[in-house]
Amino acid sequence: MKKQSLYYIFLCIIILADISCTKIDNYPGPSSTLQGKVFDALTDSTVQTEYGGGGTRVKLLETSYSSNPTPEYFQCMQNGAFHDDKIFAATYNVSVEGAFVPVIQTDDTGKVLIDSSKNIVLKNTATVNFWVQPFLRIEWVGQPVFNPDSTVTVKIRITRGTDNPAYQGNVTDINLYVSNTANDGNNNYDPRYSNLHSYGGTSGNSLLGQVITITTTGGALPPQDIYFRVGARIASGLKRYNYNAVESIQYP
Amino acid sequence: MLNFNFLQSNSMKNNNLKYITVILGIFSLAACRNLDIPPKNIVQDADVFSTTAGIQAYMARLYSELPIEDFRYTPERGLNFFWLISPMSAVSGDALSRDQTHAQQENFGNWSWSVWSGCYGVIRDCNYFIETLPKYAKNFTTATVNDWIGEAYFVRGMTYFALAKRFGGVPIVTTVLNYPGETIDQLKIPRASEKATWDQIKSDLDSATLLLPVVNPDDNDGTRANKYVAAAFESRAMLYAGSIAKYNSITLFDAKNNEICGIPSTDANAYFLAAYNAAKMLDGKYSLYMKAWAANNPDAQYQNFVDLFSDPGGPENIFVREYQYPNSVHGYDAYNVPRQLAGPNGYSAEVNPTLNFVDMFDGIPKNPDGTIKTLDANGHYILYKNTMDLFANAEPRLRATVILPGDVFKGQQIQIWRGIYTGPVAGGISPLLPPGSKEQYPTANLVESATANQTPYTLPDGSLMNPAGASGIFTGDQTCAISGFSVRKWLDPNLPTSQVLENHESQTWIEMRYAEVLLNRAEAAFELYLAGQTGADYLDDAFNDINQIRLRAGAVLLTSPGSMTVDTIRIERRKELAFENKTWWDLRRWRILDKEQNGTIYKVLMPFYAAKAGEYFFDARYDERNDVYTFDPRWYYEQIPQSVISKNSNVIQNPGY
């Protein structure tokens with residue numbers, strides 16, 4: 001009997017010991033919000049971009065615990081606003097990356113020339129806005145016009161957004177994107193009707209400041225919701241696109 | 001159990017003490033034996049490094065893991081993986097494939113062989129070999145030891161090359177790292193500058209060139225390195241580095257201002273010169289394959305170019321990877337034979353060369369803008385008795401690279417046509433679609449077939465004809481020549497259809513052949529000429545190199561050095577090395593892939609049979625699937641796997657990821 005009860009005691013001790021190893025991760029989930037907008041420094045309108053990896057993104061460096069943190073990113077919305085409500089409350093260095101003069105400018109040896117990134121202590125909600133110089137500024141000139149042959153013609157004007165010669169590469173592409181959703185851009189368009197144009201050398205630069213007229217290709221547009229947008233880019237590192245705002249037109 | 005007995009029986013205490021003493025005594029005697037001996041069940045250094053057979057086993061592993069894009073590689077599924085769908089040529093735009101619908105970067109998350117840890121595993125094996133073999137050098141002659149060390153340098157240089165062309169600067173490790181001998185912090189090695197990484201590749205391949213003999217004494221069939229193999233790859237690697245220095249515009253600096261992506265443009269000429277000198281070392285050591293070649297004989301020149309890829313003793317083969325059934329196999333033919341010759345696995349026609357690719361070749365009727373001419377002066381289709389008539393004077397190299405509609409392969413005419421046009425033919429046939437249209441073909445006046453199960457159509461003369469050729473093109477089934485062409489290069493003309501199986505084939509992969517060395521030399525020379533360098537007559541050198549290639553190919557020779565541009569050399573390279581998994585890397589290092597794949601829909605050539613004329617016509621159009629290829633410029637530097645950064649926080653991610 002004595003032997004058996006000793007076994008039971010050991011068994012209970014082992015079970016208790018094992019149970020005590022269980023921990024509940026009761027650290028609260030990320031619940032702070034970081035929001036803001038990326039503005040064109042000249043016009044105060046937001047810098048339009050595309051959805052996904054090719055668009056403007058927000059870069060966070062959590063400096064609370066390390067001087068050399070691994071960066072975290074999240075993407076901007078198409079209209080140049082950003083909003084993330086699942087961020088840990090902490091100290092951050094915030095900057096944005098996209099088709100504009102970099103917030104942190106370096107020379108060709110990596111030396112930082114200008115650093116306009118922002119350091120914030122995030123608790124609950126923080127609003128951080130950036131004023132940047134887009135590489136190209138694309139404006140609608142009037143509304144898209146529905147032609148008798150069911151194509152659509154748009155007029156736009158493209159100007160440089162910066163005087164800094166280091167960010168005035170040649171204009172390489174001016175594209176009219178046509179899509180059946182408002183998520184229109186270089187990563188999502190209908191290739192049958194979109195009108196893409198590439199320019200070699202300096203030939204694209206002469207179009208700057210002019211009213212540019214572009215008509216959809218591929219014949220009559222199908223009778224459905226259609227969204228239009230012009231994207232243009234210059235030769236620069238990652239060759240990101242600048243855009244104008246998405247416009248829709250009613251099929252008559 | 002024993003313990004409980006002790007507690008229970010006090011009366012036996014004395015006896016137990018005796019036993020305990022004896023047992024402890026026995027244990028302490030046994031403890032005098034030295035247990036710190038090498039484990040008997042693990043192969044020791046002495047076992048491996050003391051014998052030739054041990055070294056050969058070590059080498060077999062190094063070479064089998066050498067990261068080259070061979071018959072078992074696709075960007076989607078990685079290195080050393082059998083499944084060849086989503087082939088590389090359909091990512092680079094030389095071909096269309098039913099399983100590849102867009103441009104892409106290498107999809108490391110899907111690779112079974114991890115590119116980063118795999119490469120660093122090979123590098124560690126090389127470092128271990130270079131450090132350990134000298135301790136056992138007394139067993140061998142000095143020449144043998146040098147040869148083997150040279151091979152380890154060769155493999156290490158090649159492996160750094162595989163990393164650098166994907167990621168830019170990477171951590172450089174040239175000694176065996178030990179854990180726990182070194183702390184985790186010491187092992188968190190940051191990325192070196194991209195320049196330092198390419199210089200490491202140069203240094204390794206230079207060491208290999210210096211140490212290796214002219215002939216590899218262990219295997220002289222091109223499967224293992226010799227002096228010239230190392231030099232040939234140095235010409236490839238240095239051309240890559242020079243191109244990055246000259247054409248790259250994406251830069252990334254670390255906190256200490258090391259340029260881990262990008263090389264200062266002032267270094268370009270030094271790299272081009274290194275490529276040129278390395279390529280020149282092979283002068284007279286290897287030569288272009290000309291065994292079946294005859295002047296002014298297109299058929300002989302065609303056969304010669306076909307034979308080049310299947311002759312194991314060819315003088316052009318510099319470095320190859322051999323396969324052997326059933327130990328190491330691939331399935332190139334199974335995936336790529338034309339539809340009518342499909343093997344028992346049911347695959348076929350995964351690689352269908354685009355019209356954009358075919359347009360690059362000589363000997364086909366062209367419009368002034370260089371595109372294929374299919375319309376007469378009145379804008380009507382030109383009619384041909386047979387589909388091959390359009391290609392009657394095509395460059396022999398084109399026929400040896402691409403199966404053209406109606407050409408003969410394995411004794412069969414490969415039938416490729418898109419449909420039967422039943423409309424009127426009097427006065428000429430107008431194009432089915434407006435120029436540049438991306439619409440589907442109108443169904444009026446057109447008989448087509450959705451699959452290979454065809455219903456024959458009765459022609460005006462009462463005879464029957466299938467709406468589509470036996471190898472396509474079918475409207476509802478992409479297991480056919482969707483571009484109007486099927487790939488020819490590498491296919492084994494003697495392989496019986498019953499043997500056209502996955503994991504069953506063993507053609508040799510030629511990773512480096514003399515034609516590439518000539519092209520490397522021509523490109524490096526031309527870049528040096530453009531940069532105003534005067535060390536040699538670079539322009540003339542480039543001219544002669546290209547004309548050697550063109551002569552063998554049966555192409556039109558260049559008339560004067562002055563007529564050359566950088567595109568002359570690049571297009572020659574694309575034609576010569578197509579479907580050898582090189583073009584994509586070339587387009588990347590020239591940094592033109594984002595221009596070439598910029599909302600691009602590739603072009604195809606659709607043959608039709610005009611029933612009332614009894615003749616064929618061709619329609620050049622955009623890929624009917626409207627698949628758009630857009631190369632994101634950030635892909636020039638691939639994304640470093642997140643797991644690497646998690647393990648080593650000193651590794652900085654490439655721009656844009």
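Domain bounds are taken here from an automatic or database domain assignment, and on that basis chain B is divided into domain 1 (114–278) and domain 2 (331–504 + 591–651). The structure is a predicted model, in which local features need pLDDT of at least 70 and side-chain atom pairs count only at pLDDT 80 or more, while totals for chains, interfaces and linings use all residues. Residues are numbered from 1 along each chain as its sequence is written, and chains are lettered from A and ligands numbered from 1 in the order in which they are written.

The C-alpha trace of chain B spans about 120 × 70 × 50 Å along its principal axes. Of the 657 residues in chain B, 47% are buried, a residue being buried if 20 or more other C-beta atoms, placed from the backbone, lie within 10 Å of its own.

Taken over C-alpha atoms, the centres of domain 1 of chain B and domain 2 of chain B are separated by 41 Å. To the contact between them, domain 1 of chain B gives 13 residues and domain 2 of chain B gives 12 residues, where two residues are in contact if their C-beta atoms, placed from the backbone, lie within 7 Å. On the side of domain 1 of chain B that touches domain 2 of chain B there are eight nonpolar, two polar and three charged residues, with Ala, Val, Leu, Ile, Met, Phe, Trp, Tyr, Cys and Pro counted as nonpolar, Asp, Glu, Lys and Arg as charged, and the others, Gly among them, as polar.

Among contacts in chain B between residues at least 6 apart in sequence, 71% join residues at least 24 apart.

How values were computed. A residue is buried if 20 or more other C-beta atoms lie within 10 Å of its own, exposed if 12 or fewer, and partly exposed in between; C-beta atoms are placed from the backbone.
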